[in-house]
Amino acid sequence: MPIPEDVTGEEIDKDVRQELQSLPKTLAEDVARNLVMVARLIDEDPEQAYAYSRVALRLASRVAAVREAAGFAAYATQKYSEALAEFRAARRMTGSLELWPVMADCERGLGRPERALAMAGEAEVQKLDKAGQVEMRLVAAGARRDMDQLEAAIVTLQSPELASNSVQPWTARLRYAYADALLAAGREGEAREWFAKAVEVDKDGATDASDRLAELDGVEFVDAMSDETDTPDEPDSVDTADDSVDAADDSVDAAGEVEDLSDGQDHDVEDADDDEDATDDDADEDEDDDKS
């Protein structure tokens, strides 16, 4: 697959670059460039990112970082079975538990929420860092919702991290998940409060909390550019409205002219009648003179 010339492979994380040192230099560069493309495209074009990950995987399947990247690319395209296999392979290679929450979420994606819940109760969770534990809590709450256990999902999210005023990378997502669970349970007032709290800390737009909050408040957003984008050759609505007003004015003027014309025609008819009467009178006078 083509890779832009400005992609050198040096852009990748230094730990990944160190892993690639086990490969021949040219091969390592090729793998690194493909991994850069995966990272660049995974959010905006997951399918393309997945394609680049397959190239990297074909070149260096024994590198843990490559297996992990392939797992995330498959996960982004909802290929959960494939993603889970790649994550398990990466975990075997490194012994790291970092991927435990996303592996559990793959179980959810495969329609096995009960297995995700089982993973949430494993001892491995206690070995995760704080971010990993919060992520695992989010996955467990999602699994509860998959099983229509809405109140249990709400309770699962109630934690010191949720109550804390400290803003962490996971804070916006945690508050958003809690608000969404409350809304699903019909607790709209509380949901609005927590969507607002999510908006307060979501500076990067990681969630659509602001849209959800506006929706609850009954605010509708209109895309002012949509008409221009869809029909660029059509005149602006303001110009059209002005044309309509001008046309209406012309119609009024024309109507006035017609009315004036009609009035003039009526006067002409009356004048003609008067002339005819005058002619008749003159004829009568001439006839009387002849008789005399």
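This is a predicted model: local features need pLDDT of at least 70, side-chain atom pairs count only at pLDDT 80 or more; totals for chains, interfaces and linings use all residues.
Guide: Residues are numbered from 1 along each chain as its sequence is written, and side-chain values use heavy atoms, with hydrogens and water left out.

Visitor: What makes Ala-191, Trp-194, Phe-195, Ala-198 and Val-201 of helix 12 buried?

Guide: Buried means under 20% relative accessible area, exposed over 50%, partly exposed in between (1.4 Å probe, protein chains only). These five names in helix 12 fall in the buried class. They lie on the same side of helix 12 because they cover an arc of only 125° around the axis, taken from the directions from the helix axis to the C-beta atoms. The face turned away from that side carries the exposed Gly-189 and Glu-200.

Visitor: How do you know what span is expected of helix 12?

Guide: The expected span is 1.5 Å times one less than the number of residues. Helix 12 (residues 188-201) has 14 residues and reaches 20 Å from its first C-alpha to its last, close to the 20 Å expected.

Visitor: Why are residues of the lining of the largest pocket called nonpolar, polar or charged?

Guide: Ala, Val, Leu, Ile, Met, Phe, Trp, Tyr, Cys and Pro count as nonpolar, Asp, Glu, Lys and Arg as charged, and the others, Gly among them, as polar. The lining of the largest pocket therefore divides into 18 nonpolar, three polar and nine charged residues. For the second largest pocket, the classes are 13 nonpolar, two polar and five charged.

Note on methods:
Helices (H or I, at least four residues) and strands (E, at least two) are DSSP runs, numbered from the N terminus.
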